[in-house]
Amino acid sequence: MPRPAVTAFAFRLFDRPLHPELFPATATERIERPEFSATLSLGEDGHRIEVRTGGRTLTELLAPEEFVLPAGGRRVGRGVRGAGLEDVTFDDDLGPAVRYQAGHQAETPAADVFEHITAELLADAAATAARGDGEERAPIARSDEPGRTARPGALACRFASGGRLSGDSVGLIRAEVAADSLLIHATHTFADARTVVRTQSLWEWL
């Protein structure tokens with residue numbers, strides 16, 4: 001099944017959990033830490049990042065705008081055309097204060113540049129800890145010193161495009177875990193539109 005068109009995608013953040021069935025995942029990885037837990041999910045419809053700390057759950061979702069989602073709890077919502085920056089702090093009695101900062105950008109490079117980016121992503125995908133077989137992986141090791149990151153975890157998937165000559169699309173997530181933060185890098189390519197969408201989100205425990 002081809003990946004949906006990039007023009008249909010939106011970047012959203014909810015201050016609540018979203019049922020896993022709302023986002024079909026091809027690959028999933030869990031991170032368990034004393035301060036928080038996180039579930040990273042990657043699929044042809046984008047990605048879902050769910051972070052739980054204390055009684056608080058925050059969910060980042062990159063997915064088609066047409067997805068039927070709960071009406072309540074949305075704190076960020078915009079299309080992925082061009083670029084966008086988000087900065088939201090959650091500080092209440094639900095748990096430790098969390099600062100969420102995120103950026104997302106869509107670009108349409110020249111054909112040869114797009115092919116080079118795709119080749120690099122496919123090489124990275126071949127070396128990831130999870131290659132889209134649906135298995136949950138072992139927890140990611142981390143550094144106990146604030147500001148120092150541990151070995152990054154990764155998820156990668158390859159998706160068929162709608163055209164026979166446009167090649168495959170690729171999705172890749174990398175996570176870097178530190179004692180006081182979680183940093184997520186995600187890259188999604190859309191071969192039919194020759195477009196690359198990159199997102200980066202930083203979750204800091206204050």
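Which residues does D45 touch, not counting residues up to four places away in sequence? Let us start with the overall fold and come back to that. This is a predicted model, in which local features need pLDDT of at least 70 and side-chain atom pairs count only at pLDDT 80 or more, while totals for chains, interfaces and linings use all residues. Residues are numbered from 1 along each chain as its sequence is written, and side-chain values use heavy atoms, with hydrogens and water left out.

Along the sequence they follow the pattern β-β-β-β-β-β-β-β-α-β-β-β-β. Of the 206 residues, 48% are buried (under 20% relative accessible area, with exposed meaning over 50% and partly exposed in between, for a 1.4 Å probe and protein chains only).

Now to the helix. Helix α1 covers residues 111-126, and its buried residues include F114, I117, T118, L121 and A125. These five cover an arc of only 100° around the axis (taken from the directions from the helix axis to the C-beta atoms), which puts them on the same side of α1. An α-helix has 3.6 residues a turn, so residues three or four places apart point the same way. On the other side of α1, D112 and E115 are exposed.

Back to D45, which sits in the loop between β3 (37-43) and β4 (46-53). With 13% relative accessibility, D45 counts as buried. Its contacts (heavy atoms within 4.5 Å) are P4, F9, F23, P24, L62, A63, P64 and F67, not counting residues up to four places away in sequence.

Note on methods. Helix = DSSP H or I, 4+ residues; strand = E, 2+ residues; numbered from the N terminus. Expected span 1.5 Å × (residues − 1).
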